[in-house]
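Here are a few exercises on salt bridges and nonpolar cores. Have a go at each task before you read its solution.

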Amino acid sequence: MSEDLFSALDHLAATSTVVIDRPRGSAHPRYPAAIYPLDYGYLDGTVSADGDGIDLFRGSAVGAGVVAMAVIADIDKKDVEVKILLDCTADEIGTAAAFLRDTLGLGTTVWRREVS
């Protein structure tokens, strides 16, 4: 069942333009001490629950595709979001999760794509 979800995410990523608006090393706009450990942006032409494009982290494993997704709960915003992890190594998946959870203080669960 999860493969259907990841296949759909692959399709969205393949048919959308990736826009990186917060490159690795840049500061979070609301929390300047929080520095993005990976490129962060969105899929142009898509819509998530907040009305903006679907968020994503992009790693260094070019061509790996959607390797995981993070579901986050932001208590301050009273919001739940999904973030795609695109072209990320196993270490980068952990880095993105730690950034969301430990640096930004968001409730975070990561689902990794099963590799057969």
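**Exercise 1: a bridge across the chain**

In this predicted model, a salt bridge joins the side chains of Asp10 and Arg113, at 2.7 Å from N to O.

**Exercise 2: two more pairs**

Task: find the salt-bridge partner of Asp39, then that of Arg101, and sort the residues by exposure.

Solution. Asp39 pairs with Arg58, and their closest N and O atoms are 3.3 Å apart. This pair links distant parts of the chain, with Asp39 in strand β2 (residues 39-44) and Arg58 in strand β3 (residues 54-58), 19 residues apart. Asp39 has a relative accessible area of 21% and is partly exposed; Arg58, at 30%, also counts as partly exposed.

Now for Arg101: its side chain meets that of Asp102 in a salt bridge, 3.2 Å from N to O. Arg101 is partly exposed at 40%. For Asp102, recall that exposed means over 50%; its relative accessible area is 55%, so Asp102 is exposed.

There's also a network: Asp55, Lys77, Asp79, Glu81 and Lys83 are joined by salt bridges that share partners. A search of the whole structure turns up 7 salt bridges.

**Exercise 3: into the core**

Task: say which residues touch the most other members of the largest nonpolar core, and which elements give two or more residues to it.

Solution. The largest nonpolar core has 16 residues, and the ones touching the most other members are Phe57, Val67, Leu85, Cys88, Ile93 and Leu100. Two or more residues come from each of β4 (66-74) and α2 (90-103).

Zoom in on Ile93 next. Leaving aside residues up to four places away in sequence, Ile93 touches Val67, Ala68, Leu85, Cys88, Val110 and Arg112. Apart from this core lies another, of 10 residues, including Ala13, Val66, Met69 and Ile84. As background, nonpolar side chains in soluble globular proteins tend to be buried together.

Terms used
Residues numbered from 1 in each chain as written. Predicted model: local features only at pLDDT ≥ 70, side-chain atom pairs only at ≥ 80, totals over all residues. Heavy atoms only, no water. Core = buried A, V, L, I, M, F, W, Y, C linked by side-chain atoms within 4.5 Å. Buried < 20%, exposed > 50% of the residue type's maximum accessible area, 1.4 Å probe, protein only. Helix = DSSP H or I, 4+ residues; strand = E, 2+ residues; numbered from the N terminus. Contact = heavy atoms within 4.5 Å. Salt bridge = Lys/Arg side-chain N within 4 Å of Asp/Glu carboxyl O.
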